[in-house]
Amino acid sequence: MDNLQIKILGKIAICITLLIGVAILIISIYPGALNSFFFPVMLVSIVCVPIFAVLAILFWGLRTLGRRDLKSIRLRRHTFVPWREVAIIAGIVLVCYVLLKFYIPRRLAFIISQSAFEQVRVQLPISAKGKITLNRKLGLYEVDEYAIDSRGGAYFRVFSGGDGLSPDTISYGFAYQPNSEGSPFGAAKYQVFYLYGDWYWFRVSDDF
């Protein structure tokens with residue numbers, strides 16, 4: 001493989017890394033969406049990783065045998081390392097990690113959608129305790145249920161899914177002035193994460 005081919009492969013790797021990074025950032029806008037992909041990906045990996053490992057070993061073995069044969073004819077040329085492409089890929093991964101770590105895509109998406117959430121929160125009375133089926137598009141988010149807790153905190157559920165192999169349901173969404181003890185969607189593994197102002201995003205399981 002000559003230097004030009006290595007550079008071309010490097011550019012392809014950059015494009016693939018960039019596309020994957022952008023896709024992950026877009027998916028991360030929805031609380032819980034990335035988590036829902038973890039379990040299926042893990043199951044697929046259990047099957048696919050050994051297959052790819054065997055193929056990689058076979059490919060490496062064939063290349064090693066071929067190189068041994070070529071050694072008797074000519075010396076191996078110095079391997080070209082595309083450091084520029086490697087640095088770009090590392091930079092893309094680092095930027096995506098920082099954006100995900102501080103929930104930047106989610107914060108920006110919610111800023112765009114906040115007025116729609118505020119409108120619903122003001123319109124629905126605090127006296128209406130419990131869950132309300134909403135099924136309404138609020139900005140960039142599809143909210144299936146709205147709920148108000150006993151302390152007046154408003155919760156908007158935008159995503160829900162199973163907890164791995166257990167029958168429990170994990171709910172994700174946004175909350176206005178949430179309390180620290182639990183939510184109308186459950187209290188197990190309850191976590192709230194600060195966005196800005198009085199707004200947070202939450203994660204909670206309905207397990208006991």
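Is Leu-4 buried or exposed? In this predicted model, Leu-4 is exposed, its relative accessible area being 58%; this value lies above the 50% over which a residue is classed as exposed. Leu-4 belongs to helix α1 and takes part in a nonpolar surface patch of about 700 Å², together with Ile-8, Leu-9, Ile-12, Ile-16, Ile-20, Ile-24 and Leu-34. The greatest contribution to this patch comes from helix α1, which spans residues 3-27 and supplies seven residues.

An unreviewed UniProt entry assigns the feature "transmembrane region" to residues 12-31, 37-62 and 83-104. In the model, residues 12-31 are 80% helix and 0% strand, with 31 Å between the C-alpha atoms at the two ends.

Most residues other than glycine have a negative phi. Tyr-103, however, has a positive phi near 55°. Tyr-103 is placed in the loop between α3 (83-101) and α4 (104-123), and its relative accessible area of 23% makes it partly exposed. A positive phi, of about 50°, is likewise found at Gln-177, which is not a glycine. The loop that holds Gln-177 runs between strands β4 (166-176) and β5 (188-196). With a relative accessibility of 43%, Gln-177 is partly exposed.

How values were computed:
Residues numbered from 1 in each chain as written. Predicted model: local features only at pLDDT ≥ 70, side-chain atom pairs only at ≥ 80, totals over all residues. Heavy atoms only, no water. Patch = residues over 30% accessible without salt bridge, like charges linked within 9 Å, V, L, I, M, F, W, Y side chains within 5 Å. Areas by Shrake-Rupley, 256 points an atom, 1.4 Å probe, with all protein chains shown as cover. Salt bridge = Lys/Arg side-chain N within 4 Å of Asp/Glu carboxyl O. Helix = DSSP H or I, 4+ residues; strand = E, 2+ residues; numbered from the N terminus. Buried < 20%, exposed > 50% of the residue type's maximum accessible area, 1.4 Å probe, protein only. UniProt positions renumbered as here; feature names shortened; annotations may be inferred.
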